[in-house]
Amino acid sequence: MIITTQISAQLRKLGLALPPGAQITGQGYLGYHCFLTHEAALDSCSIGSYSGVRTKDVRFLKLGNYCAVADELKFVGEHDYQRITTSICTIATEGRHWLFSNFQGQAPYINFRAINIGHDVWIGTRVTIKGGLNIGDGAVIGAGSVVTHDVEPYTIVAGCPARPLKRRFADEQLIARIHKSKWFLYDWDGIDVQWGDVYKTIDIMEERLATNPPQLLNHGFSYKVDEAANSIQLRPAQTVES
């Protein structure tokens with residue numbers, strides 16, 4: 001369905017920033033203050049809180065909190081190349097039936113496996129990711145990369161195929177502190193944590209988490225789209241992130 005101005009206004013009251021023109025289909029989860037751009041199109045995705053998506057034709061994506069996904073992200077499905085042909089004439093694709101008549105009811109579908117992306121992940125423009133992969137917390141994927149293997153937490157990868165370039169932070173003790181804090185599971189809106197200096201930020205976060213933790217980001221909405229009625233059904237839902 002295409003988000004209308006009226007639907008967008010209703011969703012904004014619930015803390016969901018889905019602008020007019022954005023498209024959403026299937027069923028999934030929308031975290032508190034997640035946001036799409038008007039050109040985004042999602043199918044059966046789970047989007048974490050404070051995460052933004054601006055890409056089209058995204059399917060079966062699980063995205064953590066505080067992530068940024070640029071445009072032209074592509075996911076690669078899996079063809080069965082062990083069959084005598086990979087021709088579309090012998091493969092069933094959802095919504096299309098370019099099949100030989102004698103293949104009706106027999107042809108396999110292209111397999112699209114879910115991609116699991118952690119928290120605080122940045123994915124650049126025109127990235128392609130193989131289905132079924134796991135992208136670790138804090139990872140960065142450079143623009144134009146083709147990702148064919150899992151990406152370790154707090155690792156920067158780029159290239160075709162994507163290869164590790166360096167750790168996101170040179171200080172491994174800092175990475176350990178950040179990951180141990182699990183700051184990305186909390187709502188830091190309105191709290192001065194001095195985002196510009198990573199050492200000051202983690203100092204403030206650790207102290208706050210030890211004494212007066214912010215609200216957990218374990219609330220949002222499960223959604224189910226009714227294409228025929230061009231409507232979206234929402235119900236409060238909790239997520240238990242790790």
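**Close-up 1. Strand β2 beside strand β5 in the predicted model.** In this predicted model, strand β5, which covers residues 46-47, pairs with β2 in the parallel sense, and the pairing runs over two bridges.

**Close-up 2. Strand β2 beside strand β19.** Strand β2, made up of residues 27-31, also pairs with strand β19, residues 219-226, here in the antiparallel sense and over five bridges. Within this pairing, the residue that stands opposite Leu 30 is Phe 221 in β19. As a guide to reading side chains in such a view, those of a regular strand alternate between the two faces of the sheet.

**Close-up 3. The salt bridge between Glu 39 and Arg 54.** The side chains of Glu 39 and Arg 54 meet in a salt bridge, with 3.2 Å from N to O. Because Glu 39 belongs to the loop between β3 (35-36) and β4 (41-43), while Arg 54 belongs to the loop between β6 (52-53) and β7 (58-59), the pair ties together parts that are 15 residues apart in sequence. Arg 54 has a relative accessible area of 36% and is therefore partly exposed, since that class lies between the limits of 20% and 50%.

**Close-up 4. The salt bridge between Arg 167 and Glu 172.** Here the side chains of Arg 167 and Glu 172 form a salt bridge, for which the N to O distance is 2.9 Å. Arg 167 is partly exposed, at a relative accessible area of 31%, and Glu 172 is likewise partly exposed, with a relative accessible area of 41%.

Close-up 5. A salt bridge joins the side chains of Glu 206 and Arg 177, at 2.6 Å from N to O. This pair links distant parts of the chain, as Glu 206 is found in helix α3 (residues 198-211) and Arg 177 in helix α2 (residues 172-181), 29 residues apart. Glu 206 counts as partly exposed because its relative accessibility is 31%, and Arg 177, with a relative accessibility of 26%, also counts as partly exposed. For the structure as a whole, a search finds six salt bridges, among them the one between Glu 206 and Arg 177.

Definitions and conventions: Residues numbered from 1 in each chain as written. Predicted model: local features only at pLDDT ≥ 70, side-chain atom pairs only at ≥ 80, totals over all residues. Heavy atoms only, no water. Salt bridge = Lys/Arg side-chain N within 4 Å of Asp/Glu carboxyl O. Helix = DSSP H or I, 4+ residues; strand = E, 2+ residues; numbered from the N terminus. Buried < 20%, exposed > 50% of the residue type's maximum accessible area, 1.4 Å probe, protein only. Pairing = 2+ DSSP bridges.
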